[in-house]
Amino acid sequence: MHKVMSNKWFITLYLLPALLLVGILIFIPLLLTGYYGLMRWDGIGAMQFIGLENYLNVLTDGKFWQSAGNSALLAVFSTLSLVVYLAVSMILASKIKGADLLRKIYLIPMLLSSVAIAQLWIKVYNPSNGMLNEILGWFGVQNPPLWLADPNIVLYSIFIPILWQYAGFYILIYYAALKGIPESMVEAAKIDGATPFQIATRIKLPLIMGVVKVTIVLAVVGSLKYFDLIYVMTGGGPNGASEVMASYMYKLAFGNYNFGYGSAVGFMLLIITLVVTVIIRKLTADKEEIQY
Amino acid sequence: MGRVGYFFLYFCLGIVALFQIFPIVWLFLFSLKSNREIFAGSPFALPQEIRWENYLVVWEGGIGTYFWNSVWITGLSIAITLLFASMAVFVITRMKWKLSKLVLGLFMIGLMIPIHSALIPLFNMFLSVNLINNPISIVITYTAYNLPITMMILLGFYYTLPKEIEEAAIIDGASLHRLFFRIILPISAPILATTAIINMIYNWNEFVFINTFISSDQYKTLTVGIQNFVGQYMTDWGAIGATLVISVLPILVAFLFFSNKIVEGISSSAVKG
């Protein structure tokens, strides 16, 4: 029995397709990105080795830091919005009729492609016929801002569809976690005279903290990788005001054919993502995991 | 909690539901209107006369090609991903070998990486083997990048399978291939369905790879194709609306029928991360 289940040929044969695909199409390219970052290269001609020049330039590139700052802001917004999702989930999980249907309705935007979402929200924000200005008009707002053309607010305008897209996802996760809390614990707190707010913050929140930590990682890392929606809605504009790291890298490589420098930015994106992931994991690491 | 309290809670939940659903309803409405009606009338009014012509216009404009490309590229990628992921998870969880934990960890690292960091070398690789502007590059890329998440969802199921299944099969003289294809794969059908639907959503909505690797219209999928259409119909909101509706409809229909599977897949793809 044991011999059959450790058949080396069989293991190799079954593992190889997946391992080759992931190795060749994910891991090797990641390493190559770091290597290409050492080159001057237009994507077509020969590469020329220039050492760390690209990486040093990234460190002093104002546009890169602007895009990194925007990515960081989106990460902060996304993390803060988790509080709202959590509050909605708390309500949803408190013996609400139709909770199952509601959380499915909330999830619908998550199923659409970011491109379709971007195109839809371009229409929502349209200055003359968009849904948003029409609604604001009912409330007497006369001169609404140019949502996607004003560099001071474009990042906020872009965050709204992001909120819209992912709300259902986080609510779904929190709802499932909250439903996993044993009823007896909540009942015991009620008997002890705890208010609904106390039950939510003192009993339920600590019990689902593990899940909350996972969602913080997802929200932050997801924001750092953000691309499709911004690329389609604003192309990073106006004047870099909504540029993020991924869109900056894409523009450098596939817009300006600056593949060497683009690779250096891409590699920075990788390093930043990995470092941030490790830091958040460390910061939120449990001293003792709560058991229930 | 009193009646007023509950009313307030339902009110909050209702507002969120409205916010989530309304832009999509608005999209359906303007996809059925004429430009005159869109620009002059209230954006929330029902169309005076339902203009299916908008849909006809974009269908005759050639959105069908993009649609079928999305269908077959999504379908083929799902089939290969599910097969390769199942094979790998089977040997990682059920077979006895030293490096299984390490190899599993390697696959799971694939969950974290930003795809943009791999994009330039991938492009260069495909260019050097003449796979740029060839849908094969898209299918294998989708497969590779969906393998980690698919494997993660499958893992839980494979770990819970009782050992007796293999023991009985092997004692009966079944080969390992037979054990995998005739016994393990069929009993994993429900979880495979979940992973299939998660893969479907990812592949159907994918944009960066197709936008970067494919340049000719005959191989483009809907996500890139609708970009062309929006540019082309610039001021014709009805046509743009119809384009967007066509691109999202298959996923919404799938959701209508398989919402429980989708909910299950999305939660299991996240929480363990």
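Guide: With 10 C-beta neighbours inside 10 Å, Asn239(A) counts as exposed, because exposed is the word for a residue with 12 or fewer other C-beta atoms within 10 Å of its own, while 20 or more make it buried and the numbers in between partly exposed, with C-beta atoms placed from the backbone. This is a predicted model, in which local features need pLDDT of at least 70 and side-chain atom pairs count only at pLDDT 80 or more, whereas totals for chains, interfaces and linings use all residues. Residues are numbered from 1 along each chain as its sequence is written, and chains are lettered from A and ligands numbered from 1 in the order in which they are written.

Visitor: What makes the phi of Asn239(A) worth a remark?

Guide: Most residues other than glycine have a negative phi, and most peptide bonds are trans. Asn239(A) has a positive phi, near 55°, and its place is in the loop between H11 and H12 of chain A, where helices are DSSP runs of H or I with at least four residues, strands are runs of E with at least two, and both are numbered from the N terminus. In that loop between helix H11 (228–233) and helix H12 (245–255) lies Pro238(A) as well, joined to Gly237(A) by a cis peptide bond with omega of about -5°. Just after H12(A), Tyr257(A) takes a positive phi of about 55°.

Visitor: How do you know that H12(A) is largely enclosed by the rest of the structure?

Guide: Nine of its eleven residues are buried, so H12(A) is described as largely enclosed; among them are Met245(A), Tyr248(A), Lys251(A) and Leu252(A). The buried residues of H12(A) pack against helix H3 (62–92), helix H10 (209–224), H11 and helix H13 (259–283) of chain A, together with H5 of chain B, and a contact here asks that the C-beta atoms of two residues, placed from the backbone, lie within 7 Å.

Visitor: Which residues take part in the contact between the two chains, by number and by class?

Guide: Chain B brings 71 residues and chain A brings 73 residues, and helix H12 (residues 237–271) of chain B gives the most to the side of chain B that touches chain A, with twelve residues. That side of chain B has 53 nonpolar, 14 polar and four charged residues, where Ala, Val, Leu, Ile, Met, Phe, Trp, Tyr, Cys and Pro count as nonpolar, Asp, Glu, Lys and Arg as charged, and the others, Gly among them, as polar.

Visitor: Why are H3(B) and H9(B) called oblique to each other?

Guide: The axes of helix H3 (residues 53–94) and helix H9 (residues 189–205) of chain B come within 9 Å and cross at roughly 140°, the axes being lines fitted to C-alpha atoms over the stretch in contact, and the angles running from 0 to 180 degrees between N-to-C directions. Angles under 35 degrees count as roughly parallel, over 145 as roughly antiparallel, 65 to 115 as roughly perpendicular and the rest as oblique, and H3(B) and H9(B) are therefore oblique.

Visitor: Why is chain B called more spread out than a compact globule?

Guide: Its radius of gyration, taken over C-alpha atoms, is set against a globule rule of 2.2 Å times the number of residues to the power 0.38. For the 273 residues of chain B the rule gives 19 Å, and the value of 23 Å is well over that, so chain B is more spread out than a compact globule.
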